Amino acid sequence: MATQFPIERFANLDTPFYYYDLQLLHTTLDTIVSEASRHDFVVHYAVKANANSRILTEVRNAGLGIDCVSGNEVRAALEHGFDSKKIVYAGVGKSDREINLALDADIECFNVESIPEMEVINHLAGLKGKVANIALRINPNVDAHTHQYITTGMEENKFGIGLWEVDTAALKAKELSNINLIGLHFHIGSQITDMAAFQALCTRINEIQRRFEEQHYRLSIINVGGGLGIDYEHPDEVSIPDFPAYFAVFAKHLELRNGQKVHFELGRSVVAQCGSLISRVLYVKKGQKKQFAIIDAGMNDLIRPALYHAYHKIENISSKLPTEKYDVVGPVCESSDCFGKEISIASAKRGDLIALRSAGAYGEIMASRYNLRPFAPAYFSEQ
Ligand code: LLP
């Protein structure tokens, strides 16, 4: 499903801006809902990927739950009408204020990342006379084979409770009367394209489940996190990730007990392909060995290339001329403000519109005001 850019409409708009193809988002959401329901799986949208109000509304309308990692994300979920019983809340450093906010909202579940955090939630819930549902986030030590900055499930990462501590944590949870351990939570990383990593996660989950059963725990939720990757090279040809194949891995390899529900926390795969960052060429600067297309979007608008050397497909959507090679760079005073080197795009001139594709996830939400540049606004295919 290829995104069609309304060039005439764009002609009247100041750049840079984010543009969201809502038809693609709807189709993606419909696919997720129908494929997940085939297995009776529950999907929570990882709001950290994109918290744009319109996107949140679409996700809520599709009936997904929501996965939050801060008090403000919980607040945004509530403000956008998500049912508090479909809100889960993870994060290694939840503050007392954030925990209290989530307790007051009676959220579905806290994904607890350490024993000290479990004790604090127990204490704060006790003060309110409540019992909080928790799932233990376990660091399964499974290699996601993805970028080192976005792998999370290895022993050296800060996330979750280590495998050596699982039994202590399970015992501790029994002692605390204001928490109720209802599930296990895992997340091994992001932009995972190798399904074998998810299969390895399933195998590890099966082992860990058995350890909990030895301690007579009956767990109702197995939360496998998110991480399904997208095709950054082919945003139009592969605009919707292979959700059937992804869910099938879990359906096949997870050993579930009676009544147990599998939860997913998908972020990137839900929203990445529906968003593009649209920019204009300010100058074409010819050097002796190369030429630069200097555009009016910068690393403050989309930081992924500078931060992770991430690839985003770049297109000149104003030109049908033969391609030339450019280093496509932004205006920010940093050499890392570069979206791609030696990139082939249709021959560019001042004023041409440039699309940075697959920017719907971890794009707008990671923007900053660096160099005192304003936040780029967002526009939608449906007004
Ligand atoms: N659940 C947990 C506990 C997470 O930490 C994350 C992402 C997700 C779910 C959603 O993962 P997804 O389905 O989007 O892969 N800023 C980086 C990505 C950081 C991901 C952090 N955690 C990037 O731009 O690539």
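**Reading helices, strands and a barrel**

Author: Helices (H or I, at least four residues) and strands (E, at least two) are DSSP runs, numbered from the N terminus. This is a predicted model, in which local features need pLDDT of at least 70 and side-chain atom pairs count only at pLDDT 80 or more, while totals for chains, interfaces and linings use all residues. Residues are numbered from 1 along each chain as its sequence is written, and side-chain values use heavy atoms, leaving out hydrogens and water.

Reader: Which residues of helix α4 are buried?

Author: Buried means under 20% relative accessible area, exposed over 50%, and partly exposed in between (1.4 Å probe, protein chains only). In helix α4 (residues 71-79), G71, E73, V74, A76 and A77 are the buried ones. Their cover includes α3 (53-61), β3, β4 and α5.

Reader: Thanks! At roughly how many degrees do the axes of α5 and α6 cross?

Author: Two packed helices are described by the angle between their axes and the distance between the axes. Axes are lines fitted to C-alpha atoms, for helices over the stretch in contact, and angles run from 0 to 180 degrees between N-to-C directions. For helix α5 (residues 96-104) and helix α6 (residues 115-127), the axes come within 10 Å and cross at roughly 55 degrees. Angles under 35 degrees count as roughly parallel, over 145 as roughly antiparallel, 65 to 115 as roughly perpendicular and the rest as oblique. The pair α5 and α6 is therefore oblique. Contact means heavy atoms within 4.5 Å; here D96, I99, N100 and L103 of α5 meet V120, I121, L124 and A125 of α6.

Reader: And how do the axes of α2 and α9 cross?

Author: Helix α2 (residues 22-39) and helix α9 (residues 243-253) have axes that come within 10 Å and cross at roughly 25 degrees, so α2 and α9 are roughly parallel to each other. From α2, T28, T31, I32, E35, A36 and H39 take part, facing F243, P244, F247, A248 and A251 of α9.

Reader: On to the strands: in what order do the eight strands close into a barrel?

Author: Strands of a sheet pair through backbone hydrogen bonds, either parallel or antiparallel. By the rule used here, two strands pair if DSSP finds at least two bridges between them. The barrel order is β2-β3-β4-β5-β6-β7-β8-β9, with parallel pairing. On average, neighbouring strands of this sheet are turned by 30 degrees against each other, direction ignored. On this sheet packs α5, touching β4, β5 (109-112) and β6 (132-137), and its direction makes about 150 degrees with that of β5.

Reader: Which residue is the bridge partner of H44 in β9?

Author: That partner is E265, and in β3 H44 stands opposite G65. Four parallel bridges join β2 to strand β9 (residues 261-266), and three parallel bridges join β2 to β3. Strand β2 (residues 42-46) is mostly covered, with four of its five residues buried.

Reader: One last stop: where does G298 lie?

Author: You'll find G298 in the loop between β11 (291-295) and α11 (304-308). With a relative accessible area of 0%, G298 is buried. Leaving aside residues up to four places away in sequence, G298 touches G330, P331, V332, D337, F339 and R373.
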